[in-house]
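The sequence and structure are shown first.

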Amino acid sequence: MTPDQINALLVLAAVAAVAGVAAYYLAHYLKGSITINLPRTAFNGGEQVEGSFQLLTRKEVNANNLTAALVATETTKERGYKGRTTTHTREIYRSGQTLEHARVYPAGYQANYNFKITAPEGAQPFGQDSALGTAMGMLSGFGRRIDWRVEVRLDAEGVDLAASKKIAVGRSGFF
């Protein structure tokens with residue numbers, strides 16, 4: 001292959017990738033949306049995370065279930081070979097509730113749902129085990145961080161509808 005043919009193939013591959021991503025987001029938009037509303041975004045361990053969300057379908061959706069969940073992800077940074085930094089993210093907590101089981105949502109369906117999920121007892125603020133751990137993590141830029149979010153998902157055929165909103169969860173008496 002000539003250099004011109006290789007360049008043409010690379011451009012074609014890039015255009016196909018962009019078109020694929022655009023098609024995914026268009027399919028997601030045309031299916032519907034979920035909008036989360038939280039009166040508060042900071043919670044102590046053991047408190048109820050309360051909120052609501054609005055589900056809107058733009059076309060008929062065959063769904064397996066509709067869930068609301070409290071999710072925590074841990075991000076760790078480590079200094080490795082020759083000072084290179086590696087970052088790892090993993091889900092460490094998930095608790096939720098199923099609001100509706102399998103059903104068909106008609107086109108133009110719109111409804112509001114409420115949820116209550118209890119935050120876990122003993123949750124660590126900012127993902128640190130102690131004040132010293134928090135200080136060391138801030139000074140070095142390394143360590144671990146825990147991010148909390150409320151996630152609502154309509155598990156459906158094809159593209160799922162999902163939304164999430166960040167919250168803070170800490171020790172009792174921390175906030």
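Strand 8 and strand 9 form a hairpin with 4 residues between them, and Gly 158 in the turn has a positive phi of about 80°. Strands here are DSSP runs (E, at least two residues), numbered from the N terminus. The model is predicted: local features need pLDDT of at least 70, side-chain atom pairs count only at pLDDT 80 or more, and totals for chains, interfaces and linings use all residues. Residues are numbered from 1 along each chain as its sequence is written, and side-chain values use heavy atoms, without hydrogens and water.

| Strands | Sense | Bridges |
|---|---|---|
| Strand 4 and strand 8 | antiparallel | 14 bridges |
| Strand 8 and strand 9 | antiparallel | 7 bridges |

Within strand 8 (residues 143-156) lies Glu 151, which stands opposite Ser 164 in strand 9. Val 152 in strand 8 is the bridge partner of Ala 68.

Glu 151 is buried, with a relative accessible area of 10%; buried means under 20% (1.4 Å probe, protein chains only). Its side chain makes a polar contact with the side chain of Arg 94 at 3.0 Å, where such a contact is a pair of N or O atoms within 3.5 Å, one able to donate a hydrogen and the other to accept it. Beyond four places in sequence, the residues that Glu 151 touches (heavy atoms within 4.5 Å) include Thr 67, Val 71, Arg 94 and Ala 163.

How values were computed:
Buried means under 20% relative accessible area, exposed over 50%, partly exposed in between (1.4 Å probe, protein chains only). Two strands pair if DSSP finds at least two bridges between them.
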